Amino acid sequence: MAALLASLPLPSSSPRFRCCEDSLRHGRAAPPGWFPERAPVAVPGTVPRPRRIILVRHGESEGNVDESVYTRVPDPRIGLTARGWQEAKACGVRIRDLVSGDGADDWKVYFYVSPYRRTLETLRGIGLAFKPSRIAGVREEPRLREQDFGNFQDREKMRIEKDIRLRYGRFFYRFPNGESAADVYDRITGFRETLRADIDIGRFQPPGEQSPNMNIVIVSHGLTLRVFLMRWYKWTVEQYEGLHNLDNGGMLVMQTGSGGRYSLLVHHSVEELRAFGLMEAMLDDQMWQKTAKPGELNYNLWINGPPFFGHF
């Protein structure tokens, strides 16, 4: 297992050259000259959807306990604390227990991970809970990176900027030389389309081995994961701004319901989702998602029709 996870590079490691597609596949590197694009393409709708999309926030980082680290270490190179490593390992055990609890013999996990050091280290900690045969693949995905707050950060200036952000609005405020949450939304939109295409064509398993017992794990950052959920479920800016960060090493599970769509209410309780920040209209939509089929639309969602104009 250690040898398998050691192939994931940290930002400071020596460069390695490999195909831009999956860096790991069934516990071994992809053979030279192998290109997934040349594999037979499945017809969308004929490949089983992964059972879950599990969102994981990285474990506690050095920057989470000491903000002065950002003044001397580039954000992408900030690593986990000892506590963060333990949180990552514990998260891996929770994920393994969850996906193995279905009772299927052929379950596997496929990882997408932000290229920041703290997320790569979190993935290593998570991976210790799995045998190599259970890991279908790993893809480093730069679009899952943290919101860009600028380069080396001045602590006092950042305190002022964050105060201004509260007055301006958390979604639209752009940090100098950095990003707004709206900018993150734009790149997450591109990642979402990639993920949906991967799901439709069965990227995670070769022909003949496709199973509904695949599970996707996305290891990223607090704001990025909230924006991902906003984009996936088409939440409004107001709804986004009511959400809270996951704890370090925390996870949120999007699981297929009886109709095949992903709903947060299949795994989580209403109380858990309220604590995360979901409003009543969002909970109503999650209840609809539990039984709806892919391709169906929730015409009763308040932003989709006449209820939007209820104040007239």
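Because the model is predicted, local features are reported only where pLDDT is at least 70 and side-chain atom pairs only at pLDDT 80 or more, while totals for chains, interfaces and linings use all residues. Residues are numbered from 1 along each chain as its sequence is written, and side-chain values rest on heavy atoms, with hydrogens and water left out.

An unreviewed UniProt entry carries the annotation "active site" for H58 and E146; UniProt positions follow the numbering used here, feature names are shortened, and such annotations may be inferred rather than shown by experiment.

H58 is located in the loop between β2 (52-57) and α2 (62-65); helices (H or I, at least four residues) and strands (E, at least two) are DSSP runs numbered from the N terminus. With a relative accessible area of 3%, H58 is buried, where buried means under 20% relative accessible area, exposed over 50% and partly exposed in between, using a 1.4 Å probe and protein chains only. Leaving aside residues up to four places away in sequence, H58 touches several residues, including R118, S220, H221 and N248; contact means heavy atoms within 4.5 Å.

E146 belongs to the loop between β4 (135-140) and α5 (155-168) and is likewise buried, at 11% relative accessible area. Its contacts, again not counting residues up to four places away in sequence, include D75, R118, E179, R187 and H221.

Beyond residues up to four places away in sequence, G150 touches P176, N177 and G178.

Strand β4 itself has five of its six residues buried, so it is largely enclosed by the rest of the structure. It pairs with β3 in the parallel sense over five bridges, two strands being paired if DSSP finds at least two bridges between them. Within this pairing, Y112 stands opposite R139 in β4. The chain passes from β3 through helix α4 (residues 117-127) to β4 in a right-handed β-α-β crossover, that is, with the strands pointing away from the viewer, the path from the first strand over the helix to the second runs clockwise.

Y112 leads on to the aromatic residues. The whole structure contains 16 aromatic pairs; rings of Phe, Tyr and Trp (its six-membered ring) pair if their centres lie within 6.5 Å, and planes under 30 degrees apart count as stacked, over 60 as edge-to-face and the rest as tilted. The ring centres of Y112 and F204 are 6.3 Å apart and the planes stand at 85°, so this pair is edge-to-face. Y112 lies in β3 (residues 108-113) and F204 in the loop between α6 (181-201) and β5 (214-220), so the pair ties together parts that are 92 residues apart in sequence. Both Y112 and F204 are buried. By contrast, the rings of Y233 and W235, with centres 5.6 Å apart and planes at 25°, are stacked.

One aromatic cluster is formed by Y110, Y112, F191, F204, F228, W232 and Y262. R192 lies over the face of W232, at 5.7 Å from the ring centre; a charge sits over a ring if NZ of Lys or CZ of Arg is within 6 Å of the ring centre and within 35 degrees of the ring normal.
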